[in-house]
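Visitor: Please take me through the aromatic rings of this model. I would like a close look at how they pair up.

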Amino acid sequence: MAIAERQLRERHEQELAGLDALETVVERPPSFAARTWAMLWPKLLAIAIVIGGWQLLVESGWRPEFTFPSPFTVFERLWTDLGTAEFWTAVNVTMQRAVKGYALALVIGVAVGLAVSRSRVLRAAVGSLITGLQTMPSVAWFPLAILLFKLTDAAIMFVIVLGAAPSIANGLIHGIDHVPPIMLRAGRVLGARGIAAYRHVILPAALPSFTAGLKQGWAFSWRSLMAGELLVIIAKSSSLGHQLAVSRELLDAPGLMATMIVILAIGIIVDTLFFAQIDKRLRRRWGLDQK
């Protein structure tokens, strides 16, 4: 009798589970188009607000239109520039300098960060100096850079490295300093010591702060590069910074603002396609982003 009642109860529970499963709403992952739109619409709304405010400012007569042109005039000029070989040559030169300078700053920043984090003597000697270098305006380095390297690409690289490397090093040092002690103890229990501890425990735990340092380093390197191309004019070497300088000297306001839009767009694109994706994957790996 008891066996029959148990079997009946189990069958009843299975039937109820089946009914519950029918009522359960299965959430499907959003499509690629939906994800793309969710990522784009806030940016498009922000652009629309900026353009609307820009146009209202022009119509207010705050400045003559030949010095402060309307967005329609600027975007028309930008469209014209996009069809010229000179524009793409300038973008290519600037991006090559940006990649080379940031790569060099990354190597130096990681090396300095690891060395300082491992050595108490180095931390006491140069720890505060790294922060001081990070806060120093990049443009202040250009007189020395020009004195050392003349009007060459090396002068620009010198300032890019001094602008970006301290941020990268500080991000790595900060991340290593804030590794939870319980993770270090667990690593030692599992046999992770020395280089193995850095490889399997410390560096993975320091990734969030290190990623923030990488992003900040890119921002500093990009600003340093633009300042360098404005100040260090190299003959027969067109660049975005050089185009800014030429437009200023010729009082070409539409060309000046069109180039500024390109510089802003490159910074946003690099952040969206590279650093934002790294941060998103890292957050998912750490269980901080469930979407």
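Guide: Ring pairs link Tyr102, Trp218, Trp222, Phe274 and Phe275 into a cluster. Keep in mind that this model is predicted. Across the whole structure, a search finds nine aromatic pairs.

Take phenylalanine 87 and tryptophan 88. They form an edge-to-face pair. Their centres are 4.9 Å apart, with 80° between the planes. Why edge-to-face? Planes over 60 degrees apart count as edge-to-face. Phenylalanine 87 has a relative accessible area of 6%, so it counts as buried. Tryptophan 88 is at 48%, so it is partly exposed.

Next come tryptophan 141 and phenylalanine 158. This pair is edge-to-face too. Here the figures are 6.4 Å centre to centre and 85° between the planes. Tryptophan 141 sits in the loop between α5 (120-135) and α6 (142-149). Phenylalanine 158 belongs to helix α7 (residues 153-177). The pair therefore ties together parts that are 17 residues apart in sequence. Tryptophan 141 is buried, at 15% relative accessible area. Phenylalanine 158 is partly exposed, at 21%.

The charged end of arginine 63 sits over the ring of tryptophan 62, 4.4 Å from the ring's centre.

Finally, turn to the surface. Tryptophan 37 lies in helix α2 (residues 32-59). Its relative accessibility is 54%, so it counts as exposed.

Methods:
Residues are numbered from 1 along each chain as its sequence is written. This is a predicted model: local features need pLDDT of at least 70, side-chain atom pairs count only at pLDDT 80 or more; totals for chains, interfaces and linings use all residues. Side-chain values use heavy atoms; hydrogens and water are left out. Helices (H or I, at least four residues) and strands (E, at least two) are DSSP runs, numbered from the N terminus. Buried means under 20% relative accessible area, exposed over 50%, partly exposed in between (1.4 Å probe, protein chains only). Rings of Phe, Tyr and Trp (its six-membered ring) pair if their centres lie within 6.5 Å; planes under 30 degrees apart count as stacked, over 60 as edge-to-face and the rest as tilted. A charge sits over a ring if NZ of Lys or CZ of Arg is within 6 Å of the ring centre and within 35 degrees of the ring normal.
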